[in-house]
Amino acid sequence: MTESPTSRVFIGRFQPFHLDHLGVLEAALARAEKVVVVLGSSFRSRDIRNPFSVGERTAMIRASVATRVPGAEARVKLCAVADSYDDTKWVHQVRGC
């Protein structure tokens, strides 16, 4: 018997959120009731490697989901986490999502 998970987790910086990210998110939504999207590097200052704020990335993801997967917005939870070089602390943040 195969069990279907009720949720999936998709972790990334999403700098920017692009079509390949959207494809992964669509696949996760096809396999689970809910998807938690964890946005890493959420509280860093803008720089060349992280040009978008967490608010901008959240807006990109929400707009993409609304456009490509109508009705799925309620099934996607966005969670911002800070960078941490302490694995235990980072895992605790992600589990808190």
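Colleague: What kind of model is it, and what pLDDT do local features need?

Modeller: It's a predicted model, where local features need pLDDT of at least 70, side-chain atom pairs count only at pLDDT 80 or more, and totals for chains, interfaces and linings use all residues. Residues are numbered from 1 along each chain as its sequence is written, and side-chain values use heavy atoms, with hydrogens and water left out.

Colleague: OK, sheet first. What's the strand order?

Modeller: E1-E2-E3, an open sheet of 3 strands with parallel pairing. The edge strands are E1 (7-12) and E3, each pairing on one side only. On the terms: helices (H or I, at least four residues) and strands (E, at least two) are DSSP runs numbered from the N terminus, and two strands pair if DSSP finds at least two bridges between them.

Colleague: By how many degrees are neighbouring strands turned against each other?

Modeller: 20 degrees on average, direction ignored. Axes here are lines fitted to C-alpha atoms, for helices over the stretch in contact, and angles run from 0 to 180 degrees between N-to-C directions.

Colleague: How many bridges between E2 and E3?

Modeller: They pair in the parallel sense over 5 bridges. Val36 stands opposite Lys77 in E3.

Colleague: And which strands does H1 touch when it packs on the sheet?

Modeller: E1, E2 and E3, with the direction of H1 at about 165 degrees to that of E1. Contact means heavy atoms within 4.5 Å.

Colleague: Stay on H1. How many residues does it have, and what span does it reach?

Modeller: 13 residues, reaching 19 Å from first C-alpha to last, close to the 18 Å expected at 1.5 Å a residue. The expected span is 1.5 Å times one less than the number of residues.

Colleague: Which H1 residues are buried?

Modeller: His21, Leu22, Leu25, Ala28 and Leu29. Buried means under 20% relative accessible area, exposed over 50%, and partly exposed in between (1.4 Å probe, protein chains only). Seen down the axis, the buried residues of H1 fall within an arc of 120 degrees, so they line one face of the helix; the arc is that of the directions from the helix axis to the C-beta atoms. What covers them includes E1, E2, H2 and E3. On the other side of H1, Leu19, Asp20 and Ala30 are exposed.

Colleague: Now H2. What should its 15 residues span?

Modeller: At 1.5 Å a residue, residues 54-68 should span 21 Å, and the end C-alpha atoms are 21 Å apart, which agrees. Arg57, Thr58, Ile61 and Val65 are buried in H2. They cover an arc of only 105 degrees around the axis, which puts them on the same side of H2. Among what covers them are H1 (19-31), E2 (34-39) and E3 (76-80).

Colleague: Pick out Thr58 for me. Which residues does it touch?

Modeller: Leu39 and Leu78, not counting residues up to four places away in sequence. Thr58 counts as buried at 19% relative accessibility.

Colleague: Switching topic: where does Gln15 sit, and is it buried or exposed?

Modeller: Gln15 is in the loop between E1 and H1, and it's buried, with a relative accessible area of 15%. Leaving aside neighbours within four places in sequence, Gln15 is in contact with Arg49, Asn50, Pro51, Phe52 and Arg57.

Colleague: Which residues get joined into one network?

Modeller: Arg44, Asp47 and Asp83, through salt bridges that share partners.

Technical notes:
Salt bridge = Lys/Arg side-chain N within 4 Å of Asp/Glu carboxyl O.
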